[in-house]
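Me: I have a structure open and I'd like to learn how to read it. Could you walk me through it, one feature at a time?

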Amino acid sequence: MKLQALFVLIVFLTTPLIWRVPVFWKANCMAGITFLVLSFIAPLSLLLMLLVAISQWLIWQFDFFQSGRIGYKITCILPLLPLVFYKTEAGVQHWLIPLGLSFYSFRQVHVAFEVYKGQIQKPSLASYFQYLLFLPVMLIGPIHRMPEFKRSLRRMKWNANYFSEGLERILYGFVKIKFLGNFLCSLEIPQIAHQTNHFWLRLYLEVVAFTGNAYFQFAGFSDLAIGSGLLWGIKVMENFNAPFMATNMQEFWQRWHISLSSWCRDYVFYPLLALGRNRWFALICAMLVLALWHEISFRYIVWGIIQGLLILLTVTSRKKLPALSVFINQHPAGRWIGRLWVFHLFSFSCIIIGSEGISSLSENFKNLFF
Amino acid sequence: MYSWLLKYFRKPVANLLIFIWYLLLIILVLFASDFQAGRFHYLQW
């Protein structure tokens, strides 16, 4: 929280500078500020990011691996190596995860994949650095895309509405993190839960508080990133779109952490679907990658598979029980039942994440249901 | 938020409402930030 607040403060203080420099220098200026901040706060992270980015650029530029498209494939895999190394348990036990690694690695894979597909041209080193070194999204995302970023850069001009909207988003972000997340969901609801005599109710309130806290923290940090981006005149993609208003799990994952779920759809689901022609296999793999992005551990593997199975259940029930699907999606009462169903399904699946091991997991479920 | 208020209220009313709204949010943030280690420090609750 303190680091993201510091980033917001730096963006706010440097906003006059960004708007004073000539248009040509704005992007370089933003990247320069990010470079300076990271070199003081997280030099290892900066070094790792630049090393991978330069290696990718060299492979694109000089085509070291001239046999077919192997070079492009290497550029897609290269950013994932430090991520896998640091996220495995061995890595976590010995070293701190470099700042923002999960986010910039996926951004680097996105660019490599788009270059591989021929959707975007090989970026120059300067424009690649401008994209990667964007302070508002460095710490907690979103995983914004390069074409949108470049479009935003091209259209960049002073707009007072952007500025006020940015300040408003930052305020909403702080309310979500500080009041709704840290205070209400982390302190007040658990306190009420501890005061109750009913064991089941206590566990239920704790589960609801855990889910609420996760949502408000993450959505709040996304608001800070989007708001800071707007201060600098860059529109960053939305990361949450009222996820608990979704009436089924498929819709929920189109509204929760949109930048990550769309990344998994574009770079895991579609390629695997094209390769194997098996929709369900591709779906489970995409949800597994989404889960493992958070942490490489057994509990996240189980959680990812369950999320995939829940989407599969949604799609199957839509085909097998069309009347129920129509009721859930079109009737006002049905929509609210669907929303409650989604909220509880997601909340209870989060018990898996909150449990340390299989014994703790089975104990939590036993306490809740039996 | 401000543009939304302008749809339903005249400009001076919208200005007042947005001022109250932002003030309320800032107070909420400060209130929540004050709560540390089980008690409110500046409020001394």
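Reply: Let's start with contacts: two residues are in contact if their C-beta atoms, placed from the backbone, lie within 7 Å. Take A286(A): leaving aside neighbours within four places in sequence, A286(A) is in contact with C264(A), R265(A), V268(A) and F269(A). Bear in mind that this is a predicted model, where local features need pLDDT of at least 70, side-chain atom pairs count only at pLDDT 80 or more, and totals for chains, interfaces and linings use all residues. Residues are numbered from 1 along each chain as its sequence is written, while chains are lettered from A and ligands numbered from 1 in the order in which they are written.

Me: Which residues touch the most other members of the largest nonpolar core?

Reply: The general idea is that in soluble globular proteins, nonpolar side chains tend to be buried together. A nonpolar core here is a set of buried Ala, Val, Leu, Ile, Met, Phe, Trp, Tyr and Cys residues joined through C-beta atoms within 7 Å. Buried means 20 or more other C-beta atoms within 10 Å of a residue's own, exposed means 12 or fewer, and partly exposed is in between. The largest core has 91 residues, and L132(A) and A286(A) touch the most other members. Helix α11 (residues 199-231) of chain A gives the most to this core, with eleven residues.

Me: How many helices and strands does chain A have?

Reply: Helices (H or I, at least four residues) and strands (E, at least two) are DSSP runs, numbered from the N terminus. Chain A has 18 helices and zero strands. Its radius of gyration, taken over C-alpha atoms, is compared with a globule rule of 2.2 Å times the number of residues to the power 0.38. For chain A the value is 22 Å, close to the 21 Å the rule gives for 370 residues, so the chain is as compact as a globular protein of that length. Of those 370 residues, 38% count as buried.

Me: What covers the buried residues of α3(A)?

Reply: First check the helix span, whose expected value is 1.5 Å times one less than the number of residues. Helix α3 (residues 43-62) of chain A has 20 residues and reaches 28 Å from first C-alpha to last, close to the expected 28 Å. Its buried residues include L46(A), M49(A), V52(A) and W60(A). The cover over them includes α2 (23-41), α4 (70-77), α5, α7 and α8 (125-132) of chain A. Just after α3(A), D63(A) takes a positive phi of about 45°.

Me: And is a residue with positive phi, like H257(A), buried or exposed?

Reply: Count neighbours. H257(A), which is not a glycine, has a positive phi of about 40° and sits in the loop between α12 and α13 (258-276) of chain A. H257(A) counts as buried because it has 23 C-beta neighbours inside 10 Å. A242(A) also isn't a glycine and has a positive phi of about 40°, in the loop between α11 and α12 of chain A. With 10 C-beta neighbours inside 10 Å, A242(A) counts as exposed.

Me: How many residues of domain 1 of chain A are in contact with domain 3 of chain A?

Reply: Domain bounds come from an automatic or database domain assignment. For chain A it gives domain 1 (2-154), domain 2 (160-231) and domain 3 (243-369). 13 residues of domain 1 are in contact with eight residues of domain 3. The largest share of domain 1's side, five residues, comes from α7(A).
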